[in-house]
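Hi,

Here is the structure I promised to pass on to you. Have a look at it first, and my notes on the aromatic residues follow below.

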Amino acid sequence: MAVTFELNGKEVTYDGDPETPLLWVIRDEYGLTGTKFGCGIAQCGACTVHVDGIGQRACITSVESIDGQSVRTIEGLVDEVSVAVKDAWSNFNVPQCGYCQSGQVMSAIDLLQHNPNPSDEDIDDAMSGNICRCASYVRIRHAIQRAAETLRT
């Protein structure tokens, strides 16, 4: 069964096993390695992508389940919210090892697209599914606050 979906604005067709996790299709078939494998059970958030504008864990999402939908990875970030988040991430030197950061950024963008003025509690709740082994959570929260502030002005 061929699965057709939009990947970062371009229509693609995957003609392999429809139960293959979206993560492996993105990385192995299309060479977009910014989305990371962390745990394989949707607990760490490293594989977060946007499916039709909603953050979703690619490690447990079968490619057949996104047929006809739009998928955006870290490589496809171009809108105003994405730019604000990436700039804030850079300004606050959020990444240490960097492994979790694509998932962190994708989750932060998802939050700000649905809540342009999040409280600390909103940020903590939205980001709780993303694990950072370097524990840069305080900088992540500051970067999200700054991105929200930038978008409001």
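Trp 24 is partly exposed, at a relative accessible area of 31%; partly exposed is the range between buried (under 20%) and exposed (over 50%), using a 1.4 Å probe and protein chains only. Its place is in helix H1, residues 22-29. Helices (H or I, at least four residues) and strands (E, at least two) are DSSP runs, numbered from the N terminus.

Please keep in mind that this is a predicted model: local features need pLDDT of at least 70, side-chain atom pairs count only at pLDDT 80 or more, and totals for chains, interfaces and linings use all residues. Residues are numbered from 1 along each chain as its sequence is written, and side-chain values use heavy atoms, leaving out hydrogens and water.

Now for the ring pairs. There are two aromatic pairs, counting rings of Phe, Tyr and Trp (its six-membered ring) with centres within 6.5 Å; planes under 30 degrees apart are stacked, over 60 edge-to-face, and the rest tilted.

Phe 5 and Tyr 30 make an edge-to-face pair, 6.4 Å centre to centre with 90 degrees between the planes. This pair links distant parts of the chain, 25 residues apart: Phe 5 lies in strand E1 (residues 3-7), and Tyr 30 in the loop between H1 and strand E3 (48-51). Phe 5 is buried at 2% relative accessibility, while Tyr 30 is partly exposed at 26%.

Trp 24 and Phe 37 form a tilted pair, at 5.4 Å centre to centre and 35 degrees between the planes. Here Trp 24 in helix H1 is linked with Phe 37 in the loop between H1 and E3, 13 residues apart. Phe 37 is partly exposed, at 35% relative accessibility.

Enjoy exploring!
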